[in-house]
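Subject: Structure for you to look at

Hello,

Keep it open while you read.

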Amino acid sequence: MTRRHDRSLNAVVIVGASLAGYRTAQALREFGFRGSLHLVGEEPHLPYNRPPLSKHYLARTSDESSIWLATLLELDALDLALALGRTAVNVDLCARYVELDDGERLAYDALVIATGARPRLIAGLTETSRPPSVHTLRTIEDGRRLSDVLLPRPDGRPTDVTVVGSGFIGSEVASTSLGLGAHVTLIDSGEAPMSAVLHSEMGHVLACRHRQAGINLRSNATVREIMVDSAADGGISTEVRLANGESLAADAVVVGVGVTPTTGWLQASGLQLDDGLVCDETLQAHEGVFAAGDVTRWGPPGERGRRLEHWTNAVAQAEHVAHNIMAGPDATPFDNIPYYWSDQFGFRLEVVGEPPAGCDLDFVWGTPQAASLVALYRKGNDVLGVVAIDARHQMVAVRRAVRGASSWASALDAIAW
Ligand SMILES: Cc1cc2nc3c(=O)[nH]c(=O)nc-3n(C[C@H](O)[C@H](O)[C@H](O)COP(=O)(O)OP(=O)(O)OC[C@H]3O[C@@H](n4cnc5c(N)ncnc54)[C@H](O)[C@@H]3O)c2cc1C
């Protein structure tokens, strides 16, 4: 691909050396960019995959090498200036440079912001005031720490784990903890896990599966506070206090109540921030400044746009940003039907599309009680998404059809259930 632009493109700086940042670098080289390429990452590690952190990495059924996105050799082949363990602290949009924590300035012709998101905590706790028995899960270090406490205790007693938040990560942590022999309580502020995102009927399907697996699922429960004290045996006792006055004792508490996009370092930059970095449809936040992955809020000018926190979205946006950097004035809108998955309690949940609130759910293959099922999200006659449990062949067909079709309706016509 040859770059078409009136401004020369010699230097690209990418901030965030994880999935979206690494994939952007890789795609830029694939598309023929031969200039200087900086990849700056706050974490000291080579780029790695986060999904295993709540699955086989947490369960210790695979070793650390399985989570790297690239080997050193593969990174070398990209001819990157790799700055790991370094934090970007500001951007000067006029002079076009990124400033790092040690004062170094990296000049750019194009800048890609791929700084992802960080876990939220519950009210009253901050990253610095968080007691050691209260966990979040985003990094390798979080995964290691949590994995250590999930194993049965030296006296053989199972670990009591309370997971706050029954979204994708909370449910996966609950599932993996159970697999490691822990007693697991899952606190869900809604009527059923993931019902706000996947529809209440799907939420109830999942609630049944959680309970059948052995999770103590507490629906419509809100955490008031988490109290930590010294225990009689010299250890730490942790109590999760619910709004209804109940107290739950735990050896470990995992907070999985969502994430906040990492945009604090951009506060003084003049870029527009609104629960993410605001970009137009081409994923551009400002002339020469692009965003990819969990940090990105994109949409047409004047609209609030949307932000997604899924692996495939980060990859697709990274590739699109690389394409648009090379395309210059011929940049195209990012238009991708979302797909994501979650592995929990021995089954795979897959979703294609973005089901809006208030849509109907129509089971077209299997039933809510069946081991495998496929259901469509509909509003009137329009199909807006597909959700499936353990229906990999059907979902491969759905994704293939969606990629090749002009509309949902024609995509679904191509599939025989
Ligand atoms: C435990 C877990 C399980 C998941 N499972 C699934 C799944 O099953 N399916 C699915 O679709 N998705 C899953 N996801 C979501 C998926 O991993 C994310 O969507 C993806 O990691 C987003 O990639 P990203 O590069 O945008 O952001 P991130 O992965 O968050 O990376 C951002 C990087 O930028 C760095 N950074 C931040 N600020 C700065 C700065 N100022 N300077 C330099 N570097 C900075 C951060 O340290 C980080 O390394 C999971 C996520 C987690 C945490």
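Six strands make up an open sheet, in the order β3-β2-β1-β7-β20-β19, with mixed pairing. Strands (E, at least two residues) and helices (H or I, at least four) are DSSP runs, numbered from the N terminus, and two strands pair if DSSP finds at least two bridges between them. The edges are held by β3 (81–84) and β19 (284–286); each has a single partner strand, so one side of each is left without a neighbour in the sheet. On average, neighbouring strands here are turned by 20 degrees against each other, direction ignored.

A word on the source: this is a predicted model, in which local features need pLDDT of at least 70 and side-chain atom pairs count only at pLDDT 80 or more, while totals for chains, interfaces and linings use all residues. Residues are numbered from 1 along each chain as its sequence is written, and side-chain values use heavy atoms, with hydrogens and water left out.

I14 stands opposite V112 in β7. Helix α8 packs on this sheet and touches β7 and β20 (289–291); its direction makes about 160 degrees with that of β20. Contact means heavy atoms within 4.5 Å. Axes are lines fitted to C-alpha atoms, for helices over the stretch in contact, and angles run from 0 to 180 degrees between N-to-C directions.

Helix α8 (residues 311–327) also meets helix α1 (residues 19–30): their axes come within 8 Å and cross at roughly 40 degrees. The two helices are therefore oblique to each other (under 35 degrees is roughly parallel, over 145 roughly antiparallel, 65 to 115 roughly perpendicular, and the rest oblique). Residues on the α1 side of the contact include L19, R23 and L28, and those on the α8 side include W311, E319 and M326. The residues of this contact divide into twelve nonpolar, one polar and two charged. Here Ala, Val, Leu, Ile, Met, Phe, Trp, Tyr, Cys and Pro count as nonpolar, Asp, Glu, Lys and Arg as charged, and the others, Gly among them, as polar.

There is also an open sheet of three strands, in the order β4-β5-β6, with antiparallel pairing. Its edge strands, β4 (88–92) and β6 (105–107), each pair on one side only. The twist averages 25 degrees from one strand to the next. Four bridges join β4 to β5 (residues 97–100), and V91 stands opposite V98 in β5.

Regards
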